[in-house]
Amino acid sequence: MKKLAIIGAGVSGLTVNRLLSDRYSVKIFERESVPGGLIRCKNVENSLFHICGGHVFNTKRQDVMSFFEQIFNLDKDFIKTERNSTVFFENGEVIHPEKHSMFVHRTSWVDGVPYPIENHVYMLKKELQDAFIADVLKMQRSHHRRLPKNFEEFLRWNFGSTLYNIYFKPYNEKIWRTNLKKIPIDWLQGKLPMPSCAEMLYNNFNHIRENDFVHDKFWYEREGGSQYLADKLAENADIQYNTDVSLIERTKKGWKINGEDFDVVVFCGNIKDICNVLKIKEIEPFANDIEQLDWHGTTSVFCEIDRNPYSWIYLPSDKYLAHRIICTGNFSSTNNRMKRLSATVEFTDYVSQDEILANLSRMPLNPHYITHEYTKYTYPIQSGNTRAMISGLKDALAGLNFYMTGRFTDWEYYNMDAAMGAAKDMVERYGI
Ligand SMILES: Cc1cc2nc3c(=O)[nH]c(=O)nc-3n(C[C@H](O)[C@H](O)[C@H](O)COP(=O)(O)OP(=O)(O)OC[C@H]3O[C@@H](n4cnc5c(N)ncnc54)[C@H](O)[C@@H]3O)c2cc1C
């Protein structure tokens with residue numbers, strides 16, 4: 001049997017192993033001491049801390065769902081949950097919240113509007129409703145005359161200036177930490193909802209909530225969160241942990257890693273490392289473009305917060321830097337053994353503990369700090385040529401039996417299912 005090395009035991013590397021371990025003798029190298037990469041979780045104060053994000057599973061790809069169902073017993077090990085997301089407004093934008101049936105669970109002084117807010121404009125105060133109606137009439141007249149060039153234009157032209165100013169702008173500026181005019185539109189294509197004016201009006205008349213859409217249900221592990229998913233994917237895999245692969249040498253017959261020979265390598269680490277790890281001439285034409293690739297990190301703060309019914313809470317307020325609270329304690333009862341509710345408060349990029357504490361003190365739901373983790377690479381940012389450049393590099397290396405897939409090799413905004421799908425596509429495309 002030919003020998004295949006995989007770099008990285010995240011979702012991508014573990015999927016590649018599952019797809020190829022009957023055809024190759026596979027060994028995975030992982031720098032951490034556990035599998036999972038971004039989806040790793042820790043047990044803190046008897047409750048589950050997703051060290052990054054909240055990690056729930058859903059997919060629209062039938063082949064990915066079938067792959068998932070071959071490995072996991074969905075009825076036994078997972079819970080199917082409906083998203084219950086909300087946007088918190090803190091400056092009186094919401095009118096008489098207690099009169100709306102959706103506020104029966106109102107938990108604090110903050111006014112929440114169910115996500116997506118463009119379906120719930122009827123909850124905003126009259127001036128904002130009037131301004132939104134004027135926006136819709138304007139958008140209807142000017143629609144499709146030209147394509148938006150950047151994220152700001154995309155949001156303004158699709159949702160109107162009123163919603164842009166009270167929500168989309170402040171929320172997205174906290175996430176992306178940049179002027180939204182600087183985010184090119186080609187990177188976002190296909191990733192964002194684009195409701196028509198008629199749809200927004202219909203959804204407002206009928207109070208259509210997010211969970212009225214089929215794809216807004218998700219699967220979540222009964223016990224152990226996404227660490228369970230990673231551990232199960234890694235079952236029976238040959239994984240060498242605590243091994244940072246810093247050099248992959250080319251040999252006459254294939255590749256050498258840590259003194260061991262392999263016929264084939266699948267790299268599921270970070271493309272930013274590839275020029276150092278792989279010192280071969282085929283990489284050189286791509287080195288400059290790889291160097292230019294931009295990204296964001298995430299500071300995830302594990303907290304105890306006031307009980308509430310939500311899964312995700314989006315925070316456009318400029319009083320603090322955090323952009324969302326993921327109420328992981330609500331995802332499964334086994335996640336939360338606190339008196340109140342376990343949750344992750346998310347900040348873009350590095351935030352010091354002092355800054356975290358100062359920010360938490362200004363936030364709703366009385367978050368009490370427990371611990372935090374900073375992850376350097378979380379959100380890859382593409383520019384106009386990124387996809388073509390990476391695809392060229394992958395083709396150039398495929399001829400050498402060196403393949404690449406993953407969120408940070410493809411530099412794509414993949415969810416877990418998309419990472420699994422990309423791994424499948426790579427295996428099929430190159431006939432590995
Ligand atoms: C904040 C946030 C929230 C998210 N929420 C969701 C969600 O709810 N649902 C969802 O489906 N997806 C979600 N995602 C996306 C999901 O995390 C990714 O799609 C998935 O984890 C990517 O897996 P990967 O294997 O490609 O990369 P990674 O998870 O980064 O795995 C790469 C692995 O390779 C290892 N590695 C790298 N280089 C080396 C080296 N040189 N030597 C040895 N080991 C190496 C790393 O240690 C790591 O374990 C979220 C992402 C973020 C950032």
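Guide: On the face of helix H2 turned away from its buried side are the exposed residues Gln62, Ser66, Glu69 and Gln70. A residue is called buried if 20 or more other C-beta atoms, placed from the backbone, lie within 10 Å of its own, exposed if there are 12 or fewer, and partly exposed in between. Helices (H or I, at least four residues) and strands (E, at least two) are DSSP runs, numbered from the N terminus. The model is a predicted one, in which local features need pLDDT of at least 70 and side-chain atom pairs count only at pLDDT 80 or more, while totals for chains, interfaces and linings use all residues. Residue numbers start from 1 along each chain as its sequence is written.

H2 covers residues 62-71, and its buried residues are Val64, Phe67 and Phe68. Viewed down the helix axis, these buried residues fall within an arc of 100°, so they line one face of H2. The arc is taken from the directions that run from the helix axis to the C-beta atoms. As a general principle, an α-helix has 3.6 residues a turn, so residues three or four places apart point the same way. The buried residues of H2 pack against helix H12, which spans 416-430. Here and below, two residues are in contact if their C-beta atoms, placed from the backbone, lie within 7 Å.

Together with helix H1 (11-20), H12 gives two or more residues to the shell around the ligand. Of the 36 residues in that shell, Gly8, Gly10, Gly37, Gly53 and Gly269 come nearest; a residue is near a molecule if its C-beta atom, placed from the backbone, lies within 6 Å of it. The shell divides into 15 nonpolar, 14 polar and 7 charged residues. Ala, Val, Leu, Ile, Met, Phe, Trp, Tyr, Cys and Pro count as nonpolar, Asp, Glu, Lys and Arg as charged, and the others, Gly among them, as polar.

The shell also concerns the domains, whose bounds come from an automatic or database domain assignment. Domain 1 consists of 3-35 + 237-292 + 383-430, and domain 2 of 43-60 + 76-221 + 294-380. Each of the two domains gives at least three residues to the shell around the ligand. The C-alpha centres of domain 1 and domain 2 are 33 Å apart, and 10 residues of domain 1 are in contact with 8 residues of domain 2. On the side of domain 1 that touches domain 2, there are 4 nonpolar, 3 polar and 3 charged residues.

The largest nonpolar core has 104 residues, with Ala5, Ile6, Val265, Val266 and Ile325 having the most contacts inside it. Such a core is a set of buried Ala, Val, Leu, Ile, Met, Phe, Trp, Tyr and Cys residues joined through C-beta atoms within 7 Å. Helix H5 (residues 151-176) supplies the largest share of this core, 10 residues. Isoleucine 6 is in contact with Gly13, Val16, Asn17, Val26, Ile28, Val266 and Cys268, when neighbours within four places in sequence are left aside.

Some individual residues complete the picture. Phenylalanine 347, in strand E17, is buried, with 24 C-beta neighbours inside 10 Å. Beyond residues up to four places away in sequence, phenylalanine 347 touches Thr299, Leu321 and Ala322. The loop between strand E17 (341-348) and helix H10 (353-361) contains aspartate 349, which has a positive phi of about 65° although it is not a glycine. Asparagine 242 likewise has a positive phi, of about 50°, without being a glycine; its loop runs between strand E9 (239-240) and strand E10 (248-250). Asparagine 242 counts as exposed because it has 10 C-beta neighbours inside 10 Å. A cis peptide bond, with omega about 0°, joins tyrosine 115 and proline 116. Proline 116 belongs to the loop between strand E7 (111-114) and helix H4 (126-142). In general, most residues other than glycine have a negative phi, and most peptide bonds are trans.
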